[in-house]
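Please look over the protein shown here. What can be said about its fold, its pockets and a few of its residues?

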Amino acid sequence: MILPIIGYGDPVLRKVGEEVSKDYPNLKETIANMYETMYNAHGVGLAAPQVGLAIRIFIVDCEPFSDSDDLTKEEEEQLRTFKKTFINAKILKEEGEEWGFNEGCLSIPDVREDVFRHEQITIEYYDEDFNKHTEVYDGLIARVIQHEYDHIEGILFTDRISSLKKRLISKKLQNIMEGKARPDYKMKFAAKKGR
């Protein structure tokens, strides 16, 4: 089922997600709905807070990044096949140079800014069958994970840009809060809920 994506300004996007247990109600269905919602909106990642759930789940599918010209065959293959569900994730380490990349977010339509993040992460998480993993990722995969991980910590990519850039996009952010954004996917806006 395609769920509405929660827009910038909604308090759920600022909550630190709660851990979930393997008997969380409708866990598999929730994850399936998140994938359907993400693909419908042409995203590469989606976190539970973005569909109104303040829990520690996010999903990633880097396939859309695999058709870039400046990738090696190996990087292309890695991105094309990287699809994972992260439950109760914890980033243990962020290492390497910080590098910039133009990021966007389904909850903040039509806003893109360069965000600097570490090039490598070590992350511990459970998959959808509640098997525990500790893995190391770098490059674009690490970045997508870091972006989604921020969501379950109540952080948005706009928190990671300079105050000048924030001022420059403040009107766009205000429009999203007021429900004036018109992306080609279903959204739920803070102002429309009478908050």
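## Basis

This is a predicted model, in which local features need pLDDT of at least 70 and side-chain atom pairs count only at pLDDT 80 or more, while totals for chains, interfaces and linings use all residues. Residues are numbered from 1 along each chain as its sequence is written, and side-chain values use heavy atoms, with hydrogens and water left out.

## Overall form

The protein has four helices and seven strands. Both are DSSP runs, numbered from the N terminus: helices are H or I with at least four residues, strands are E with at least two. The order from the N terminus is β-α-β-β-α-β-β-β-α-α-β.

The radius of gyration is 16 Å, which agrees with the value near 16 Å for a compact globule of 195 residues. That radius is taken over C-alpha atoms, and the globule rule is 2.2 Å times the number of residues to the power 0.38. Along the principal axes, the C-alpha trace spans about 45 × 40 × 30 Å.

## Burial and contacts

Of the 195 residues, 47% are buried. Buried means under 20% relative accessible area, exposed means over 50%, and partly exposed lies in between (1.4 Å probe, protein chains only). The accessible surface comes to about 10000 Å², and carbon and sulfur atoms hold 48% of it. Areas come from the Shrake-Rupley method with a 1.4 Å probe; for residues, only the protein chains shown count as cover.

A contact means heavy atoms within 4.5 Å. Among contacts between residues at least 6 apart in sequence, 68% join residues at least 24 apart.

## Largest pocket

A pocket is an open set of points on a 1 Å grid over the protein atoms alone, where a 1.4 Å probe fits, with protein on both sides within 12 Å along at least five of seven lines; lining residues have an atom within 4 Å of a point. Grid points are joined across faces, edges and corners, and a volume is the space filled by probe spheres set on the points.

The largest pocket has a volume of about 420 Å³. Its lining has 23 residues, with V44, E103, G104, C105 and R112 nearest the centre. The elements giving two or more residues to this lining are β4 (83-105), β5 (108-126) and α3 (139-152). By class, the lining has eleven nonpolar, seven polar and five charged residues. Nonpolar covers Ala, Val, Leu, Ile, Met, Phe, Trp, Tyr, Cys and Pro; charged covers Asp, Glu, Lys and Arg; the others, Gly among them, are polar.

## Second largest pocket

The second largest pocket holds about 250 Å³. It is lined by 14 residues, and L71, E75, L79, G139 and L140 are the closest to its centre. Two or more lining residues come from each of α2 (73-81), β4 and α3. The lining divides into eight nonpolar, three polar and three charged residues.

## Selected residues

F86 is found in strand β4. F86 is buried, at 0% relative accessible area. Leaving out residues up to four places away in sequence, F86 touches R56, I57, F58, V60, I123, Y125, Y126 and I145. F86 and I145 are 59 residues apart along the chain, and their C-alpha atoms are separated by 9.0 Å.

N26 is not a glycine, yet its phi is positive at about 55°. N26 lies in the loop between β1 (5-6) and α1 (27-40). N26 is exposed, with 53% relative accessible area. N88 also is not a glycine and has a positive phi, about 50°. N88 lies in strand β4. At 9% relative accessibility, N88 counts as buried.
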